[in-house]
Amino acid sequence: MISTISILGSTGSIGTQALDVISKLNIKVIALTAHSNIKLLEQQIRKFNPQLAVVFDEKKAKQLCDNIKDTNTKVLSGMEGLIEAATQEDCDLVLNALVGMVGLKPTLSAIKAKKDVALANKETLVAGGSLVMDAVKRNCVKLYPVDSEHSAIFQCLQGAPDNKSLKKIILTASGGPFFGKTKKELRNVTKAQALNHPNWSMGAKITIDSATMMNKGLEIIEAYWLFNVPVENIDVVIHRESIIHSLIMYNDNSVIAQLGVPDMRIPIQYAITYPNRFKSPVKELDLADVGMMTFAKPDEKTFRCLSACKKALKIGKTAPAIVNGANEAANQLFRDDKITFLQIGELVEKSVENVKIVEPKTLDDVLKADLLAREFVINSINM
Ligand code: NAD
Ligand code: MG
């Protein structure tokens, strides 16, 4: 059981839920980081008393420094600060709850500093999968999934005799706010509608990713790297109620599932306390209350991001980094009211056909693919 933790992205949806979990466990917080929300970060600092706080935005970091002069917490900023937070000597586990590619360097730095990592920041495993998994192996550290589906699979796999007996992984997907809609119906959907997720309360980027089903595409690639299962053996099933968080099938066709009310504090806590289990603040599952669970096939023709991610995983190399980078740019443009909902899928799909794909040998190769994909998206809409 760990006794110390650093949380990157502590002011976000995962970050705040992680602090809620930690406040009930006997774990010391070493470092906390935020992009710019210094009001919330200050409250967290005063409650958890970390030795280091990082604000990505330099100006806001200076402001925070002034505001917390009476505490013992040191304040840093920028990527250097994030890396410092990810590599603190007396930290047992780094929880990466950052959103997007900004998390890649901190994840790699933590691993190289021989820290175990609990990873919510799926984008960086999608884009830098081979680099991250190589680093994990070389440095003999553990990478714990936080994503609910991957935590479910990880939990189902406890006690599995070996990886050979695993036949397939079945990822469940809520289908998001637009399940069952046709392309025509999706033409004029608004940001507010896309941000209205039926089951989960999450950060804005992942909520839009759930509406486009990019999130499930990213999760297929995430599962590939975490569990070493080929894309043909990773299925997606729509399960509107979000009670079954994912399933595995063994080679005798026996299926094991993990269930619970949709609340991220269960997977967050399991990643922190693995292999132990503790009392949780999360409500008990009452199956009679749930009443009925339904399942359906995903509509890849309408939700293009899903098929684009599968295609990228089959191609390999920097193709996953390209679809991820294109999506990060398109998702932001949609949130800025610059493109329509359907354009997100079109741009992601086109990115993998148009951006040069290479074998990623270094971090720079991955970062360059990400940049080219973002440029492709910006240039496409300015044409
Ligand atoms: P969020 O937007 O709520 O929080 C993101 C955190 O990262 C915040 O603390 C923010 O200050 C920080 N941050 C954002 N941009 C930054 C930057 N450029 N530099 C430094 N810090 C930055 O996001 P979230 O919903 O908590 O998601 C975090 C990650 O977890 C994502 O990768 C997401 O896909 C994954 N995830 C989230 C959920 C969920 O329920 N929220 C579930 C599964 C997986
Ligand atoms: Mg998920």
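The tour begins with the ligands and then moves along helices and loops.

**Before starting**

This is a predicted model, in which local features need pLDDT of at least 70 and side-chain atom pairs count only at pLDDT 80 or more, while totals for chains, interfaces and linings use all residues. Residues are numbered from 1 along each chain as its sequence is written, chains are lettered from A and ligands numbered from 1 in the order in which they are written, and side-chain values use heavy atoms, with hydrogens and water left out.

**Stop 1: ligand 1**

Which residues come nearest to ligand 1? There are 22 residues around the ligand, and Thr11, Ser13, His35, Glu123 and Gly203 come nearest.

Next, look for polar contacts, which are pairs of N or O atoms within 3.5 Å; within protein, one atom must be able to donate a hydrogen and the other to accept it, and residues adjacent in sequence count only if both atoms are side-chain atoms. Thr11 places a polar side-chain atom 2.8 Å from an oxygen atom of ligand 1. For His35, a polar backbone atom lies 2.8 Å from a ligand oxygen. Gly203 likewise uses a polar backbone atom, 2.9 Å from an oxygen atom of ligand 1. Taken alone, ligand 1 exposes 820 Å², of which the protein buries 87%. Such accessible areas come from the Shrake-Rupley method with a 1.4 Å probe; for residues, only the protein chains shown count as cover.

Now colour the helices. The elements that give two or more residues to the shell are α1 (13-22) and α6 (122-138). Helices (H or I, at least four residues) and strands (E, at least two) are DSSP runs, numbered from the N terminus. By class, the shell has 11 nonpolar, 8 polar and 3 charged residues. Here Ala, Val, Leu, Ile, Met, Phe, Trp, Tyr, Cys and Pro count as nonpolar, Asp, Glu, Lys and Arg as charged, and the others, Gly among them, as polar.

**Stop 2: the magnesium ion**

Select ligand 2, the magnesium ion. What are its protein donors? They are Asp147 (OD), Glu149 (OE) and Glu219 (OE), lying 2.1 to 2.3 Å from the ion. Donors are N, O and S atoms within 2.8 Å of the metal (3.2 Å for Na, K and Ca); water is not among the atoms, so sites may look incomplete. In the sequence panel, the donor residues are spaced D-x1-E-x69-E.

Asp147 counts as buried because its relative accessibility is 8%. Glu149, at 9%, also counts as buried. Buried means under 20% relative accessible area, exposed over 50%, and partly exposed in between (1.4 Å probe, protein chains only).

**Stop 3**

Select His150, in helix α7 (residues 148-156). His150 counts as buried because its relative accessibility is 0%. Draw a distance from His150 to Ala211: the two are 61 residues apart in sequence and 19 Å apart in space, C-alpha to C-alpha.

Move to Glu222, in helix α11. At 1% relative accessibility, Glu222 counts as buried. Its C-alpha atom and that of Leu313, 91 residues apart along the chain, are separated by 10.0 Å. Phe227 is also found in α11, and at 8% relative accessibility Phe227 counts as buried.

**Stop 4**

Most residues other than glycine have a negative phi, and most peptide bonds are trans. Select Asn228, which has a positive phi of about 55° although it is not a glycine. Asn228 lies in the loop between α11 (214-227) and β9 (234-238). Is Asn228 buried or exposed? Asn228 is exposed, because its relative accessible area is 59%.

Then select Ser242, in the loop between β9 and β10 (244-250). The phi of Ser242 is positive, near 50°. Ser242 is buried, with a relative accessible area of 6%.

Continue to Pro275, in the loop between α12 and α13. The peptide bond from Tyr274 to Pro275 is cis, with omega near 0°.

**Stop 5: helix α16**

Finally, select helix α16 (residues 341-354). Its 14 residues should span 20 Å at 1.5 Å a residue, and the end C-alpha atoms are 21 Å apart, which agrees. The expected span is 1.5 Å times one less than the number of residues. Among the buried residues of α16 are Phe341, Ile344, Leu347 and Val348.

Conventions. A residue is near a molecule or strand if one of its heavy atoms lies within 4 Å of it.
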